[in-house]
Amino acid sequence: KNAKQTNNAYMKAFIFSFLYALSDEIHQLLVPTREGRLRDVFIDVVGMVFTYMYIKYYINKSFLKKLL
């Protein structure tokens with residue numbers, strides 16, 4: 001894959017994960033003993049960013065070293 005396709009895949013994964021986190025919080029608003037909070041969506045987004053950085057900078061670089 002080229003860089004554009006890879007970045008597009010990362011963006012799609014981010015959008016899907018964000019929408020899933022948002023829908024989960026909306027679902028929690030409908031459950032009597034739970035609370036849906038935007039703070040939790042923010043925490044999920046922070047986790048997504050750290051995961052992206054880990055994949056981009058550690059896994060990909062170590063994978064490339066094995067190939068070379």
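Modeller: One term before we start: buried means under 20% relative accessible area, exposed over 50%, and partly exposed in between, with a 1.4 Å probe and protein chains only. This is a predicted model, where local features need pLDDT of at least 70, side-chain atom pairs count only at pLDDT 80 or more, and totals for chains, interfaces and linings use all residues. Residues are numbered from 1 along each chain as its sequence is written, and side-chain values use heavy atoms, with hydrogens and water left out.

Colleague: What share of the protein's residues count as buried?

Modeller: The protein has 68 residues. Going by that under 20% cut-off, the share that counts as buried is 9%.

Colleague: How many helices and strands are there?

Modeller: Helices are DSSP runs of H or I with at least four residues, strands are runs of E with at least two, and both are numbered from the N terminus. On that basis the protein has 0 strands, and its helices number 2.

Colleague: How far apart are the end C-alpha atoms of helix α1?

Modeller: Helix α1 covers residues 3-29, which makes 27 residues. The expected span is 1.5 Å times one less than the number of residues, so α1 should span 39 Å. The model agrees with that, as the end C-alpha atoms are apart by 39 Å.

Colleague: What classes of residue line the largest pocket?

Modeller: On a 1 Å grid over the protein atoms alone, a pocket is an open set of points where a 1.4 Å probe fits, with protein on both sides within 12 Å along at least five of seven lines, and lining residues have an atom within 4 Å of a point. Here the lining includes Tyr10, Phe14, Ser17, Thr51 and Ile55, and α1 and α2 (38-67) each supply at least two of its residues. Ala, Val, Leu, Ile, Met, Phe, Trp, Tyr, Cys and Pro count as nonpolar, Asp, Glu, Lys and Arg as charged, and the others, Gly among them, as polar. That gives 8 nonpolar, 2 polar and no charged residues.

Colleague: Which residue forms a salt bridge with Arg37?

Modeller: A salt bridge needs a side-chain nitrogen of Lys or Arg within 4 Å of a carboxyl oxygen of Asp or Glu, and the whole structure has 2. One joins Arg39, exposed at 54%, to Asp40, partly exposed at 22%, with 3.8 Å from N to O. As for Arg37, which is partly exposed at 39%, the closest N and O atoms are 2.6 Å apart, and the partner is Glu35.
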